[in-house]
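Me: I am new to this structure. Please walk me through some of the terms used for it.

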Amino acid sequence: MAEKLSVALKADMERKGVDIALTLEILDDCNAGRYDGVKPVRAAGVPAIDGRSVVDLRPSRDPSAVLYSAEAETARARLAALGIDFPAAALRSGGSPSGEPRNAEFRAAELTSIGNALLEKTAYGVLNGGSATSYADRKKNLALGRETFDAVEPAFSAMAELCRDRPKGATPAYVNPDGSAGASFLELKMRARLLRARGAGFARGSGVNRLSGREFLPLFQMSSLGTDAALSAHYAAAKTSPYLATLVSEIGIEAASWRTGVQPMIAAFSHSSLGRPKRIFDAAFGAKDSCIALPGGHGQCFRVLAGVLARLRDEGMRYACLGNVDNLGYAPDPVELAILALSGQPAAFDFAVRTPMDVKGGILVETESGGRTVADIGAAIGFDQVMDLERSGHEILFNCASGIFDLEYLVPRIAELGRRLPVRFSDQDKDAGKYSQAEQVTWEVTGILPSFLAFAVDKSERFLAAKLLLDTLLTSGIGLGDPKLPGQVRSTAEGLHAGLAALLRGLYGLECVNGRWTPLELL
């Protein structure tokens, strides 16, 4: 196939960092029909929140509420294997009838205690992937309609200039009330880790936990050939970031030491409307012999991060939290870690009830074969089918793009999972032109795992995601005063705006002063 590429196109692909061999391998496999068996997910329904396979972790004002139950001796054995004492309070409900297994009931206090101990054995990872191509694309940001876009258009134009051609994680995660750009997504992730470390017994200047000797919440990431250098520069600049520098000096931990797997870039392909055989898309922005270099989806993480995760396991990490960099609500949660450990499941994932703003991403579904999986809207399940499910009365749980993996399960099987993860082609119509993109979706691993836990969480606490710049602007409160903003969008955005303020104050330790969110340690 390589000889069929024009000299100019091949040079353009090389210049843009495209892995030509991998791109042509995908192209050959597609034209040979090897991906034809990858069919859209046919959803038979959506799972119920049953307290066992789907655990409700939405806020409760009752501290005595039981969040998770398990057979007592099984739970005791699983905690003992992790070096954690069984909390006596989990049995305070009394005994059970003679001859029956005794049940343990875990409330927030017991789960938090267990989870805090498990943070010593947990790594904190993000999927950085590519640059913010879709994020700041004007066409994509019209997804919620012209009236919604018009409400944020002035701020969109200004912020889009700060986002184009930059890694998404290095772009502002929110807009301050005074209109200035806030901290980047990655600055906030690193700050959350430092704040957790400060509360977990770090000795100043030691770099490791004084109790265990292990690095606390070691950071890992998947970058790409197209973003790795820019991310490295962002981390270098983080040494003087006002969101990090004072905490680094106080705690003695390097803020931006990331273990990295670099994802290769592949080229975009011709739009499906042009039929078979597919070709390399070679007319980006109307220029001849100009390709588009794209990562092949976050699902490539199982191949790209295999070595990183194996080393983390060998260093004593039992769990790996993994999430998309653009979700402000994503951070290691002690309660979730505890429930996963008690369940013995290989992985757990967060889901929130879908809102009108959730038009890009995946939902939790039951398949016709009786399994469960995440069906990505567009690539795996049509939006019309999602709407049909909602109209039939189902509560749709939207994937929050964050999960926890048991490394004892994952590491020995990671190559197999990467091979079995579906490759899907999705058509795109963007400023650069009409083309198709080949992707593997991380969260479709749910359809391959033998079983998993799902957590039903509150969107305003755990899923402030920014699939589009429009999301970031609305969540920041931009456009909420516009009377033309559609009611459903306004209602959702107001809740997300309140959630953003709560997260910035709580998880990230900021306070709004004179129209800007400022680190508490600087006040």
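Reply: Start with a pair of strands. Strand E12 (residues 347–353) and E15 pair in the antiparallel sense, over six bridges. This is a predicted model.

Me: What makes E12 and E15 a pair?

Reply: Pairing needs at least two bridges between the strands. E12 and E15 have six bridges, so they count as paired. Within this pairing, Ala 347 stands opposite Phe 405 of E15.

Me: Which strand is joined to E15 by five bridges?

Reply: Strand E11 (residues 319–324), and the two run antiparallel. Here Tyr 319 has Asp 406 of E15 as its bridge partner.

Me: Why is E15 called mostly covered?

Reply: A residue is buried under 20% relative accessible area. In E15 (residues 397–406), 10 of 10 residues are buried.

Me: Which residues make the contact?

Reply: From H10, Ala 306, Leu 309, Ala 310, Leu 312 and Arg 313. From H13, Leu 407, Glu 408, Leu 410, Val 411, Pro 412 and Ile 414.

Me: How many residues of this contact are nonpolar, polar and charged?

Reply: Nine are nonpolar, none polar and two charged. Arg and Glu count as charged, and the contact includes Arg 313 of H10 and Glu 408 of H13.

Key:
Residues numbered from 1 in each chain as written. Predicted model: local features only at pLDDT ≥ 70, side-chain atom pairs only at ≥ 80, totals over all residues. Heavy atoms only, no water. Contact = heavy atoms within 4.5 Å. Helix = DSSP H or I, 4+ residues; strand = E, 2+ residues; numbered from the N terminus. Buried < 20%, exposed > 50% of the residue type's maximum accessible area, 1.4 Å probe, protein only.
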